[in-house]
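Please look over the model shown below before reading on.

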Amino acid sequence: MALDVLLEEISRRAALGAFALAGGLSLLAGVEPLYAVMRGIGAFLAVLLVCRWLTGLCEVLTQEMDDDQEQARGRSE
């Protein structure tokens, strides 16, 4: 399994977990259900955005490392 596919799956699950946790804790605290859902959506979007940004960063760094290795091979030949 490729790293980017694995990170996408982890980010999706982490975002769903953040949604459930934020909504559940809000309801336990006595917040109105609409606001609990809105907090859950906000947590979902925030976690998903950060995780997807980190996934993109990992892809760029991996690509840069591959390019550097190819250049090193070309110099040694």
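**Notes on the model**

1. E9 is partly exposed, at 30% relative accessibility; buried means under 20% relative accessible area, exposed over 50%, and partly exposed in between, with a 1.4 Å probe and protein chains only.

2. This is a predicted model, in which local features need pLDDT of at least 70, side-chain atom pairs count only at pLDDT 80 or more, and totals for chains, interfaces and linings use all residues. Residues are numbered from 1 along each chain as its sequence is written, and side-chain values use heavy atoms, leaving out hydrogens and water.

3. The protein has two helices and zero strands; these are DSSP runs numbered from the N terminus, helices being H or I of at least four residues and strands E of at least two. Its radius of gyration is 19 Å, well over the 11 Å that the globule rule gives for 77 residues, so the protein is more spread out than a compact globule. The radius is taken over C-alpha atoms, and the rule is 2.2 Å times the number of residues to the power 0.38.

4. Of the 77 residues, 13% count as buried. The C-alpha atoms fill a box of roughly 70 × 20 × 15 Å along the principal axes.

5. Which residues are linked in a network of salt bridges? They are E9, R12 and R13. A salt bridge is a side-chain nitrogen of Lys or Arg within 4 Å of a carboxyl oxygen of Asp or Glu. R12 pairs with E9 at 2.8 Å between the closest N and O atoms, and R13 meets E9 at 2.8 Å, N to O.

6. R12 and E9 lie three residues apart in helix α1 (residues 3-28), while R13 and E9 are four apart. R12 is partly exposed at 37%; R13 is exposed at 60%.
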